[in-house]
Amino acid sequence: MKKLTQEQQQDQHQHLDFIELQNNCPLCGGQLEFKVQAQRESFSVREEASCPTCDVLARIKDHKMH
Ligand SMILES: [Zn+2]
């Protein structure tokens, strides 16, 4: 009878680690502040990352909701 080894199970989890979130400002390396806004009209969620130190908007990302 075959059983998944612990190694194989870890392999499956490791794929998640590749989704790396960029949480630092590209300019000063400081921590970014995130704002998430739901946009009902387009059924999406807008994610804004900004740096309070540099006062720049580092990233805007739209996620579709399904
Ligand atoms: Zn910065």
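Colleague: Where do we start?

Modeller: With two ground rules. Residues are numbered from 1 along each chain as its sequence is written. The model is predicted, so local features need pLDDT of at least 70 and side-chain atom pairs count only at pLDDT 80 or more, while totals for chains, interfaces and linings use all residues.

Colleague: How many helices and strands does the protein have?

Modeller: Helices (H or I, at least four residues) and strands (E, at least two) are DSSP runs, numbered from the N terminus. Here there are 1 helix and 3 strands, in the order α-β-β-β from the N terminus.

Colleague: Which strand pairs with E1?

Modeller: Two strands pair if DSSP finds at least two bridges between them. E1 (residues 33-39) pairs with E2 (residues 44-51) in the antiparallel sense, over 7 bridges. For example, Phe-34 has Ala-49 in E2 as its bridge partner. The two strands form a hairpin with 4 residues between them, and Phe-43 in the turn has a positive phi of about 55 degrees.

Colleague: Is Ile-60 buried or exposed?

Modeller: We count other C-beta atoms, placed from the backbone, within 10 Å of a residue's own: 20 or more is buried, 12 or fewer exposed, in between partly exposed. Ile-60, in strand E3 (residues 56-64), has 11 such neighbours, so Ile-60 counts as exposed.

Colleague: Which residues does Ile-60 touch?

Modeller: A contact means C-beta atoms, placed from the backbone, within 7 Å. Leaving out residues up to four places away in sequence, Ile-60 touches Arg-46 and Glu-48.

Technical notes: Two residues are in contact if their C-beta atoms, placed from the backbone, lie within 7 Å.
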